[in-house]
Amino acid sequence: MRIFRYYLPAVLFGFGLTTAYSFEGTKSSADSAAAVGGVAPQGALVSGCGNLRSAFLGRHAGGVEATLKSLEELARNGDVGAAWELGRKYADGDGVKQNDQRAFQYFGGLANSHADEPTDTLEARFVANAFVELGRYYLMGIPNYIKTDAVRAHEMFSHAASYFGDPDAQYHLGRMYLDGQGVGKNTQQAVRWLFAAANKGQYRAQAVFGALLFKGQSVARDAARGLMYLILARDAATPEEAWITDLYDAALKQATTDELEAASTMASRSRSRFASRRPGLCATRSH
């Protein structure tokens, strides 16, 4: 399956939580109301990155130059992990000069060559991550190289979310449907993807879905469960992700004592379940 006929882009963007539908797709009475708090631009995910990189780099010891040479040779010979690691290195400027064009080319090569990778392999996780990175490049664009293209971003996220079941792609896809970016607004679809990602432990999805659930703006209201997701998201968020803490704080101010107690109990029970889920993509940028 060939994904592109031309080179792709990625703009990290912010989304507003606006339109509201019930989970079954019927409009709720809160249709025009804003969700709890605002949502800041999406950054890169770090969950699971150490494990994924260790699985590959554990067998490639040596200095920076030796490692880079080894990676390049392996990538030329079709090693999926090596190509992904090179893309990540150029995206991050890790041991090499930061170069989004080179990163894009490595991720694009993986997507072009391995779009139909069997989903039960370690390689599939690298490929799924490459699709997510390409989607974000399409949203962001690369100056003098790739123009922003939200439609193409949607295609990248959609493939990773649907075929690979990647929770990070599902989160990005849900956000695009929520705001109508690159696709028509569809809150029913947004909730579907956000719920799928949140149930896999994707903490940004937990924050957004939890806020909607707490207010009953896209699903039938369940304040305790919504607050549970917000607690889990708050615990996983980085210090730079103040928008998640803001969502939690806003809900906390409105929650009853019983709702908070129930949410805390559910969160305690859920932590181990989410910790055992397959991690999603690894960090490449923290915009």
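1. As general background, nonpolar side chains tend to be buried together in soluble globular proteins. The model under review is a predicted one.

2. As to secondary structure, the protein has 12 helices and 0 strands. Read from the N terminus on, its elements run α-α-α-α-α-α-α-α-α-α-α-α.

3. On burial and surface, the protein comprises 287 residues, of which 53% are buried.

4. On contact order, among contacts in the protein with a separation of 6 or more, 69% are between residues 24 or more positions apart.

5. One residue deserves a separate remark. K89 lies in helix α3, which covers residues 80-92. Is K89 buried or exposed? Its relative accessibility is 10%, and the cut-off for buried is under 20%; K89 therefore counts as buried.

6. Which residues is K89 in contact with, leaving aside its neighbours within four places in sequence? They are L68, L71, D94 and V96. The surroundings of this buried lysine thus include D94 together with L68, L71 and V96.

Key
Residues numbered from 1 in each chain as written. Predicted model: local features only at pLDDT ≥ 70, side-chain atom pairs only at ≥ 80, totals over all residues. Heavy atoms only, no water. Helix = DSSP H or I, 4+ residues; strand = E, 2+ residues; numbered from the N terminus. Buried < 20%, exposed > 50% of the residue type's maximum accessible area, 1.4 Å probe, protein only. Contact = heavy atoms within 4.5 Å.
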